[in-house]
There are 2 protein chains.
Amino acid sequence: MDVYLPPEAVPLTPEMEGYRARVMDCTARPEELDELYTLHVGPAIVGHIRPEFARRLEEFSDVFDVRSKDASVVMSRELRTPEERTKAMAGVLRELRSQGVITGWRDELYPVVEAFHQTPLMLVERAAVPYLGVRAYGVHINGYTVSEEGEVKMWVARRSKTKQTWPSKLDHIVAGGQPVGISCADNVIKECQEEASIPEPLARKAKPCGAVSYVCMQLAGLKRDVLFVYDLELPADFKPKPEDGEVEEFMLWPIPKVAEVIQTTTEFKPNCALVVIDFLIRHGYIKPDEPGYLDLFTGLRIGHCA
Amino acid sequence: MDVYLPPEAVPLTPEMEGYRARVMDCTARPEELDELYTLHVGPAIVGHIRPEFARRLEEFSDVFDVRSKDASVVMSRELRTPEERTKAMAGVLRELRSQGVITGWRDELYPVVEAFHQTPLMLVERAAVPYLGVRAYGVHINGYTVSEEGEVKMWVARRSKTKQTWPSKLDHIVAGGQPVGISCADNVIKECQEEASIPEPLARKAKPCGAVSYVCMQLAGLKRDVLFVYDLELPADFKPKPEDGEVEEFMLWPIPKVAEVIQTTTEFKPNCALVVIDFLIRHGYIKPDEPGYLDLFTGLRIGHCA
């Protein structure tokens with residue numbers, strides 16, 4: 001007879017339940033992951049692919065060996081160098097684009113790496129990243145003001161209704177993917193200029209504060225992202241201006257309002273919600289004495305940070 | 001023939017190598033973990049025990065079933081409630097103390113939990129925590145000043161030569177274990193008073209900023225700690241005073257000096273080094289463009305944060 005008494009379940013506050021729901025919005029379920037094909041380049045597993053997309057790759061047998069037996073897509077070992085792999089992959093992706101399989105072409109190359117700072121195994125068109133389920137990197141900037149009385153407000157962007165991804169959702173003042181050939185620091189400055197007209201001297205004050213990561217299922221496939229997080233304290237009189245038409249409006253919200261919108265709605269673009277929760281933890285708005293704190297903290301870095 | 005070209009190894013800077021060495025100082029090697037016995041309470045694995053200590057527990061067969069076959073120590077299921085387990089464990093530990101097996105008695109009870117905020121499965125004397133390899137929690141406070149010109153300095157404590165653990169090592173201005181029956185917030189206030197004479201109104205400004213965790217082998221056994229991290233900006237004219245005789249002296253060091261001592265020496269108590277590295281990351285002193293950044297960031301939370 002087992003007379004073990006299990007520990008009592010700790011009830012979460014509605015606020016913590018809300019934060020937790022936002023993390024779950026960005027976290028793939030185990031059964032979603034189970035059905036994916038692994039993408040191999042040499043001995044490295046670099047991606048995870050939906051079965052439907054894996055079958056699309058079967059027709060490119062000079063580039064891929066698609067094996068349903070062990071649910072793997074193996075890139076041809078005849079492709080020896082990053083340059084050869086990049087070229088072969090570009091041909092495949094262009095063809096799939098013309099077939100209408102891959103949409104949202106960006107003409108921007110992303111590195112496929114086993115870990116950040118390593119020489120890329122190849123470069124691929126950004127739009128193909130979720131189809132291939134390769135890890136991608138980005139920079140997200142929390143732009144905020146602190147009044148003389150110490151009140152903190154955060155700049156929140158409303159994405160344009162015509163944006164191809166996540167139209168009309170709430171976003172960071174500045175955020176962008178990390179393409180090949182530019183440092184994170186320079187990318188922050190570039191994106192600050194492009195997305196919110198933040199001049200370089202001000203953008204240089206953005207302070208790196210760590211990272212969040214997630215593994216999340218989307219229609220195209222698996223998003224495996226590591227986002228480098230920056231804090232940028234802005235002067236009270238600075239007003240961000242949309243420069244590239246991707247933002248509908250910028251709003252300056254008190255932190256309690258930002259927190260409430262995160263807790264009670266899905267208005268924020270899901271990965272931005274994670275970065276904002278990380279901000280709330282780092283700045284002491286969410287506290288260790290609140291049940292669920294460590295689960296939430298861990299949930300912000302479910303993806304492998306490599 | 002495998003013609004895969006592996007990605008180039010990325011050389012780390014000497015600074016990053018130094019930080020990485022401090023993380024390794026706090027990280028058990030796989031072969032150290034392999035030899036440990038698991039400690040079971042009901043269906044939960046709550047600890048990890050050195051074989052030598054597991055053999056010591058064999059003589060208490062009314063409390064433990066020690067099985068060398070599957071390297072497990074199973075607490076008797078006849079002990080139904082946390083109270084019964086606490087009492088039985090206290091008897092065992094007192095006996096082992098009188099035999100000289102457990103040293104450094106503290107007369108302070110720590111909860112044994114599967115996760116923070118859960119009802120404890122039992123309470124155990126703090127000195128026994130590493131022998132049992134149960135998870136423990138603590139609060140560490142980064143005390144720092146910011147000058148009008150923006151220069152940041154950190155208060156560093158030199159532990160007393162007569163301290164039982166880590167004598168003469170460098171430490172945080174305030175840090176302490178998290179015993180049962182007190183919130184993290186109240187513990188911070190208590191420790192601030194006891195360790196550095198920081199008055200309550202000032203101590204209340206300590207801001208929780210997340211956690212670090214580690215799993216590290218010591219002579220007694222496995223340390224599995226989660227440390228809640230706080231930042232406390234102190235006024236320029238505040239001078240901490242040792243109140244309980246555990247600190248030799250307090251020193252106010254510019255951040256580059258703190259960083260250099262971390263990088264090039266083992267002068268800091270190992271777990272404090274982790275918390276300081278976390279501070280350096282959160283405050284932008286270590287940057288994502290430095291090779292090894294994500295490994296370092298991940299290395300600060302090797303232990304399961306639950």
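Predicted model: local features only at pLDDT ≥ 70, side-chain atom pairs only at ≥ 80, totals over all residues.
In chain A, helix α1 (residues 14-25) packs against helix α9 (residues 270-282). The two axes lie 9 Å apart and form an angle of about 140 degrees. An angle over 145 degrees would count as roughly antiparallel; α1(A) and α9(A) are therefore oblique to each other. The crossing in which α1(A) passes α9(A) is left-handed. On the side of α1(A), the contact is formed by A:Tyr19, A:Arg22 and A:Val23. The residues contributed by α9(A) are A:Ala273, A:Leu274, A:Ile277 and A:Leu280. By class, the contact of α1(A) with α9(A) comprises 6 nonpolar residues, no polar residues and 1 charged residue.

In chain B, helix α1 (residues 14-25) crosses helix α8 (residues 255-264) at roughly 65 degrees, and their axes come within 7 Å. Because angles of 65 to 115 degrees count as roughly perpendicular, α1(B) is assigned as roughly perpendicular to α8(B). The crossing of α1(B) and α8(B) is left-handed. From α1(B), the residues B:Glu15, B:Gly18, B:Tyr19 and B:Arg22 take part in the contact. They meet B:Ala259, B:Ile262, B:Gln263 and B:Thr264 of α8(B). The contact of α1(B) with α8(B) divides into 3 nonpolar, 3 polar and 2 charged residues.

A disulfide is a covalent bond between the sulfur atoms of two cysteines. With a cut-off of 2.5 Å between cysteine sulfur atoms, the count over all chains is 0 disulfides. A:Cys305 accordingly is in no disulfide, and the nearest cysteine sulfur, that of A:Cys184, is 12 Å away. A:Cys305 has a relative accessible area of 5% and is classed as buried because this value is under 20%. In chain B, the cysteine sulfur closest to that of B:Cys272 belongs to B:Cys26. The separation is 9.0 Å, which is too far for a bond. B:Cys272 is also buried, with a relative accessible area of 0%.

A:Pro30 is located in helix α2 (residues 30-34) of chain A. The relative accessible area of A:Pro30 is 56%, and the residue is therefore classed as exposed, the threshold being over 50%. In sequence, A:Pro30 and A:Pro167 are 137 residues apart. Their C-alpha atoms are 28 Å apart in space.

Terms used
Residues numbered from 1 in each chain as written. Chains lettered and ligands numbered in written order. Heavy atoms only, no water. Axes fitted to C-alpha atoms, helices over the stretch in contact; angles between N-to-C directions. Helix = DSSP H or I, 4+ residues; strand = E, 2+ residues; numbered from the N terminus. Parallel < 35°, antiparallel > 145°, perpendicular 65-115°, else oblique. Left-handed = near helix turned anticlockwise from the far one by under 90°. Contact = heavy atoms within 4.5 Å. Nonpolar A, V, L, I, M, F, W, Y, C, P; charged D, E, K, R; others polar. Buried < 20%, exposed > 50% of the residue type's maximum accessible area, 1.4 Å probe, protein only.
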